[in-house]
Amino acid sequence: MCRLCDGYFRDAHTIVECMHTFCKSCLLREFHTRQNKATCPHCKMALAANPLNSIIADHTMQEVVDKIFPEMAERDDAAKVAFYDERGIALQEQHRARDAEGLGGAAGGGAGAQQAAPPKRKKKSTDEDEAISFKLAPDTGDGTPPGMVLQTLDKPFLRTSGKLKVVHLKKYLMKKLALPSIGGIEILCKSETLGPELSLIFISKSRWLDPEHDLELNYRGCEEQT
Ligand SMILES: [Zn+2]
Ligand SMILES: [Zn+2]
């Protein structure tokens, strides 16, 4: 989350000197109000005379946010298109490029991922668009050898679109826990391993079966799978 707006990152940018990350617009506003005495808003590290030279787009961070909260990215894209349309300005290619990059893409890559078509994320609301709250905690049950127990997340309670799949959670965990790949992560519901294509809403309705309580999912390490 961005420490300047207390929201999830929008166009996440990182200050290279101290590696602190903020929304691009929050940073630019901050720099603007400080004129030529720009510092990192968090650690106060002094930045170069032109602080724009000190920031880089953090695609990996933004992709995680976009994947976990896809509806925010959709709203953002729609607002961006409307903003430029109203003013009769052609939307820059780089603004659209993000749409073509998936979480599965190479981190920070996507230089070639430009497209001229308008954003394609608009979809009719369905059952699966329901937001779902769930807990994501390490599995410590009998079936998990001590060596396979993974770290606890800083924020184990999550809320996201119900159509998010197990594979997305694995990618989220991989980044959050700095694991080398998703093949070494297993996600379980009630001690039962979940396939990568199952959505949260499906798991909730077919495995969890307890509408009174938030869904709880567990994760652990496993032998590398392909
Ligand atoms: Zn912000
Ligand atoms: Zn800093």
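1. The donors of the zinc ion (ligand 2) are spaced C-x1-H-x19-C-x2-C along the chain. In this predicted model, the coordinating atoms are SG of C18, ND1 of H20, SG of C40 and SG of C43, at 1.9 to 2.4 Å from the metal.

2. The geometry of this site can be stated plainly. Angles of 102 to 118 degrees are subtended by the four donor atoms around the zinc ion (ligand 2), which makes the arrangement tetrahedral. For reference, the ideal angle for four tetrahedral donors is 109.5 degrees.

3. The zinc ion (ligand 1) is held by SG atoms of C2, C5, C23 and C26, at 2.3 to 2.4 Å. The spacing of these donor residues in sequence is C-x2-C-x17-C-x2-C. C2 belongs to the segment before β1 (12-15), while C23 is part of strand β2 (residues 21-23), so this pair ties together parts that are 21 residues apart in sequence.

4. The site of the zinc ion (ligand 1) is likewise tetrahedral, with angles of 106 to 115 degrees among its four donor atoms. Are C2 and C23 buried or exposed? Both C2 and C23 are buried.

5. Helix α3 comprises 17 residues, 70-86. From the first C-alpha to the last, α3 reaches 24 Å, close to the 24 Å expected at 1.5 Å a residue. After α3 comes G88, which has a positive phi, near 65 degrees.

6. Which residues of α3 are buried? They are P70, A73, D76, D77 and Y84. These residues cover an arc of only 120 degrees around the axis, which puts them on the same side of α3. As background, an α-helix has 3.6 residues a turn, so residues three or four places apart point the same way. On the other side of α3, the exposed residues include R75, D85 and E86.

7. T144 is located in the loop between β4 (131-138) and β5 (157-161). T144 counts as buried because its relative accessible area is 7%, and the limit for a buried residue is under 20%.

8. What does T144 touch, leaving aside residues up to four places away in sequence? The contacts of T144 are with D139, V149 and R220. With R220 there is also a polar contact of 3.0 Å, which joins the side chains of T144 and R220.

Notes:
Residues are numbered from 1 along each chain as its sequence is written. Chains are lettered from A and ligands numbered from 1 in the order in which they are written. This is a predicted model: local features need pLDDT of at least 70, side-chain atom pairs count only at pLDDT 80 or more; totals for chains, interfaces and linings use all residues. Side-chain values use heavy atoms; hydrogens and water are left out. Donors are N, O and S atoms within 2.8 Å of the metal (3.2 Å for Na, K and Ca); water is not among the atoms, so sites may look incomplete. Four donors count as tetrahedral if all angles lie between 85 and 135 degrees; four count as square planar and six as octahedral if opposite donors are over 155 degrees apart and all others between 65 and 115; anything else is irregular. Helices (H or I, at least four residues) and strands (E, at least two) are DSSP runs, numbered from the N terminus. Buried means under 20% relative accessible area, exposed over 50%, partly exposed in between (1.4 Å probe, protein chains only). The expected span of a helix is 1.5 Å times one less than its number of residues. The arc is that of the directions from the helix axis to the C-beta atoms. A polar contact is a pair of N or O atoms within 3.5 Å; within protein, one must be able to donate a hydrogen and the other to accept it, and residues adjacent in sequence count only if both atoms are side-chain atoms. Contact means heavy atoms within 4.5 Å.
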